[in-house]
Amino acid sequence: MAGSSLSEVVLRGRKMLREGRERCRRQHDAGSRGTQVSTLVSDLYDDLVLEVWNQACADYFDSVTPAGVALVAHGGFGRRDLAPYSDADLMLIVRGRSTAVAEKLAQALTRDLVDIGLEVGFALRTPREACSLSWSDPVIFTSLTESRFLAGSLKVFKSFFQSLRHGAVRRGGRLVRDLTQARQEERNKWGETNYLLTPNVKKSRGGLRDIQMIRWIGFARYGEVDLERLLKLGTLTDEDYRMLRRAYDFLIRLRNELHFRENRAQDVLDRATQVVIAKAWGYKGREGVLPVEAFMQQYFDVTRDVRYAARFFADDNRSRPLIGQFIERIRARRIGTDVLMGPTHIWVEASKQDEFALSLPRILRFMSLANHHNRRIGHHTWQTIRKAMQERQPSRPDAESVGAFLSLLSRGGRLAPLLRRLHELRIIDQLIPDFKRTRGLLQFNAYHKYTVDAHCIRAVEVATDFADDPTAMGRRYRRLKDKTLLHLALLIHDIGKGYEEDHSIVGARIARKTGERLDLDASSIEILEWLVLKHLSVNTVAFRHDLNDPEIVISFAKEVGSIRRLELLIIHSVADLAAVGPDVLTDWKMKLIEDLYLRTRRYFETGDLDADQAELADEIRYQVRECLGDETTAATSLDLLRQIPLSMLRREKPEDLATQLIHVAAALDAGQRTLCFSHYDPIPSAMRFVVIFRQGDTRVGIFARLAGAFMSCGIDILRAEIVTLEDIVWDEFWVSDPDYPDQPPPERLDAVSERVKQLLDSPDSPLPPRKRKWSVGKKKDESETLNVLPTKVDLDNETLERFTILSLFAYDQTGLLYRVATALSELNLVLHFAKIDTHLDQVADVFYLTEADGRQVESKERQSQVRQAVLGVISPDDQD
């Protein structure tokens with residue numbers, strides 16, 4: 001590099017870093033333990049830092065180490081568990097008289113190490129400043145507990161570190177509380193459960209951060225961070241120590257893998273990478289379990305154990321105020337022979353704990369008591385139970401244990417946290433053996449945030465939260481006198497996932513077997529089986545069908561059978577949907593579910609659905625007519641108003657619908673064929689486009705042209721509702737624009753509207769090409785997604801007499817809706833109604849179709865032709 005302005009030490013350092021990382025990569029690829037590779041990385045960083053340090057001493061101090069200054073590695077660098085692209089945290093500890101010397105060294109270190117290619121965190125502090133900042137900032141404290149001497153004055157370093165250690169132990173109680181609170185805030189950001197489908201291996205619950213928390217709490221309490229020293233001090237059990245060492249090595253190796261694959265710092269384990277790593281590490285699948293699932297199940301097992309050990313270590317070392325402990329004890333009352341209950345906790349007498357923890361029925365009854373009285377289980381009692389259950393050989397529970405488990409399920413309260421504990425101890429597996437298969441089971445879409453087991457328990461938690469909900473859903477939940485079946489159904493509703501057969505059908509069989517195992521009566525078993533079998537039916541009807549069609553509601557009511565079952569199913573559906581992940585249960589979906597509930601209940605109570613609908617429609621039309629006044633296009637407006645179905649009448653305020661009718665009528669009377677207007681809808685945070693088109697003899701391909709117009713503008717259709725009047729198509733689209741994540745400017749909206757009009761007003765003009773990728777403005781490369789589940793296309797002629805219902809489930813793709821619409825148009829099929837719903841990476845769309853002559857799509861050959869055409873434009877290799 002002749003003529004380079006970089007110094008020799010930087011050039012040498014760059015070569016050392018490049019060659020050193022390559023050595024570490026070879027060591028990792030050869031299958032070395034994660035700790036070995038991290039030690040190699042740390043040695044490399046040490047060499048680079050000392051190379052720059054020595055050069056700086058030579059440049060400024062004639063190669064003499066300056067007095068009064070110590071160079072310290074801290075954080076992960078101090079701990080020596082660096083991943084290949086980790087930051088290097090450095091600090092110069094300096095005595096007051098050596099500040100000028102330290103500043104020269106600091107300038108050289110930061111400049112040259114950054115030029116070499118390291119990400120450096122650097123601080124220059126006196127011992128007093130470093131300690132003082134540690135007491136006020138838990139982030140600084142946790143980093144400095146891992147301090148390691150690198151160069152300079154060992155005496156200065158020892159003086160600083162002794163002050164830090166002694167000061168930490170004196171402030172141990174407060175520091176532990178601060179550490180716990182800071183970690184809680186971090187968990188809130190990265191996930192409260194260790195069963196996230198895309199976890200952060202460092203910061204998510206049960207990750208490396210929880211192992212580090214044990215070290216930091218150990219330093220605050222005992223002045224020690226080393227796990228082996230904490231074991232010798234008796235603060236860690238042998239079992240937890242061995243488990244933490246195994247988990248640490250697994251997680252460090254995984255983090256190294258992520259860094260090497262990305263050639264940068266990367267701690268998030270996304271779906272596609274999970275598949276690649278499972279294959280690279282040689283995981284084998286088994287019946288019903290993919291290799292990636294086997295890999296992730298090990299990850300979840302490891303992080304569950306880490307989370308458990310970290311929580312108990314924190315509980316053991318957290319100082320509860322003495323006055324609080326005294327009040328808890330003094331106000332405790334005895335329940336039975338060996339159980340005590342205070343204002344906030346319930347526990348077993350210390351002398352009886354070992355014997356008590358050996359009895360599964362007693363443990364389950366104790367947990368039922370805790371739930372009934374809404375008390376937390378005392379830490380030491382739970383620790384004893386945990387140890388005993390880990391040593392217990394699994395066996396079929398006796399009748400007493402089953403009864404205690406059902407008693408636990410009968411109430412809300414703290415049911416979900418208690419179920420999580422039972423699951424972690426594998427007690428649920430003994431009561432419901434098929435639940436074992438859900439442990440760490442992946443769900444291959446971005447729609448779900450959690451594994452199957454975590455999602456099911458989260459669904460129970462959502463339901464129990466309804467106890468304090470002032471809405472109608474809360475009132476329905478509180479009306480249930482016995483909540484056992486609801487909670488049990490939610491716990492096992494996805495237990496059939498992972499099999500080739502539909503998970504609702506498999507789950508229903510398992511539900512019956514579970515009911516028999518738990519000795520439920522025949523009626524309860526039948527309801528449990530039905531709830532699991534039909535747990536998706538509310539979503540299917542509410543989100544994919546026209547609820548203003550009496551046939552749809554009556555068919556659903558017949559499937560449900562009674563008001564009691566309706567209320568069970570509605571609560572179950574809402575809890576299930578809310579437990580999928582954040583923002584899945586939108587206001588729009590909740591409104592549709594509530595609408596379905598009210599219509600179905602009204603049918604059960606009156607037996608007359610049509611009359612209520614007609615009466616409501618007439619009332620809304622009267623309100624709209626009042627708003628129309630004496631406008632000059634009254635005849636056209638009233639004719640349109642007569643045709644508008646109840647679904648559209650209920651969608652708008654009467655005054656807003658009247659304004660639209662006046663505008664539309666004026667345009668149609670003036671000879672316009674196409675109207676398109678838009679506004680921002682704050683509820684879904686999306687633009688809403690309303691398209692009105694006088695179709696005349698054009699009955700096929702209108703929706704394809706609309707979808708093509710949006711696609712050609714680079715816009716994603718999130719939701720659509722398609723309604724056909726006598727001669728008018730009145731369609732509404734909720735869309736997102738990747739180029740304008742917030743509200744688009746008026747000129748953008750005008751451009752989209754003009755594109756819509758252009759394609760509709762020129763029916764003979766060619767349609768846009770069927771793009772699979774945007775040339776610009778693309779949100780995400782489809783190659784980054786992980787599509788494992790098959791596409792499904794179903795055709796149904798039974799639900800409605802007039803239409804064939806085509807239901808589509810698929811992973812979202814660029815221009816997917818347009819390609820499907822075009823395929824239907826090319827088959828000369830007429831679209832009468834559609835509901836389009838896209839969430840994250842999956843779509844669930846429904847189309848009401850007929851042949852051009854108005855008949856249903858009848859013959860098997862024709863249905864096969866339609867199905868293959870739709871599948872063909874989605875993905876030729878992804879068909880079901």
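## Basis

Two strands count as paired if DSSP finds at least two bridges between them, and the strands (E, at least two residues) and helices (H or I, at least four) are DSSP runs numbered from the N terminus. The model is predicted, so that local features need pLDDT of at least 70 and side-chain atom pairs count only at pLDDT 80 or more, while totals for chains, interfaces and linings use all residues. Residues are numbered from 1 along each chain as its sequence is written, and side-chain values use heavy atoms, with hydrogens and water left out.

## Overall chain

The protein chain has 37 helices and 16 strands, and its C-alpha trace spans about 95 × 85 × 55 Å along the principal axes. Of its 880 residues, 56% are buried, where buried means under 20% relative accessible area, exposed over 50%, and partly exposed in between (1.4 Å probe, protein chains only).

Strand 1 (residues 69-74) is largely enclosed by the rest of the structure, because six of its six residues are buried. In a regular strand the side chains alternate between the two faces of the sheet. Here Val 69, Leu 71 and Ala 73 point one way, whereas Ala 70, Val 72 and His 74 point the other way.

Strand 1 pairs in the antiparallel sense with strand 2 (residues 88-94) over six bridges, and Val 72 stands opposite Met 91 in that strand. Strand 1 also pairs in the antiparallel sense with strand 4 (residues 148-152), over four bridges, with Gly 152 in strand 4 as the bridge partner of Ala 70.
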